[in-house]
Amino acid sequence: MLIYNGTDYTIPVFVMVSAIILFALQSTLCKRCRRLWVKLLPLLYVLLWLVLAVHALLSEPGGFIDLRGLVAMMFAIYALICAVSIGLAWLIGWLKSRK
């Protein structure tokens, strides 16, 4: 747990670190690999989180307060953030290869 001044920063740090790692991985794959399917492998991580979001949304309600929609939305937002970092790596790789 990453607690600083009484505030838990575990989730924001996890999101930022994973976005940076995905950006670096995708950037490296765009530079070094020629096959398209290898370059698309980081998108499987995004797909995994989208599948988890759908599963969370469609699962059985488990108690008095139903938070399935909130959890599914958080998973989908995280997948979107990861997809944006992967897309930025693709964009930067494309812009560098154009010149």
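Helix H4 gives the most to the lining of the largest pocket, with 5 residues. Helices here are DSSP runs of H or I with at least four residues, numbered from the N terminus. The model is predicted, so to speak of local features a pLDDT of at least 70 is needed, side-chain atom pairs count only at pLDDT 80 or more, and totals for chains, interfaces and linings use all residues. Residues are numbered from 1 along each chain as its sequence is written, and side-chain values use heavy atoms, with hydrogens and water left out.

What about the pocket itself? Rolling a probe the size of a water molecule over the atoms shows where empty space is left. On a 1 Å grid over the protein atoms alone, with a 1.4 Å probe, a pocket is an open set of points with protein on both sides within 12 Å along at least five of seven lines, and lining residues have an atom within 4 Å of a point. The largest pocket holds about 210 Å³ of space, the volume being what probe spheres set on the points fill, with points joined across faces, edges and corners. Its lining is made of Ile11, Phe14, Val15, Trp49, Met74, Phe75, Ile77, Tyr78 and Ile81. By class, the lining has 9 nonpolar, no polar and no charged residues; Ala, Val, Leu, Ile, Met, Phe, Trp, Tyr, Cys and Pro count as nonpolar, Asp, Glu, Lys and Arg as charged, and the others, Gly among them, as polar.

The second largest pocket has about 180 Å³ of space. Among the residues lining this pocket are Ser27, Lys31, Lys39, Trp90 and Trp94. H4 again supplies the largest share, 7 residues, and the lining splits into 5 nonpolar, 3 polar and 3 charged.

Now for the helix packing. H3 (residues 43-58) and H4 (residues 68-98) meet at an angle of about 170°, their axes 8 Å apart. Axes are lines fitted to C-alpha atoms over the stretch in contact, with angles from 0 to 180 degrees between N-to-C directions. H3 and H4 are therefore roughly antiparallel, the word used for angles over 145 degrees. The contact (heavy atoms within 4.5 Å) includes Trp49 of H3 and Phe75 of H4, and its residues divide into 19 nonpolar, 1 polar and 1 charged.

Key: Helices (H or I, at least four residues) and strands (E, at least two) are DSSP runs, numbered from the N terminus. Angles under 35 degrees count as roughly parallel, over 145 as roughly antiparallel, 65 to 115 as roughly perpendicular and the rest as oblique.
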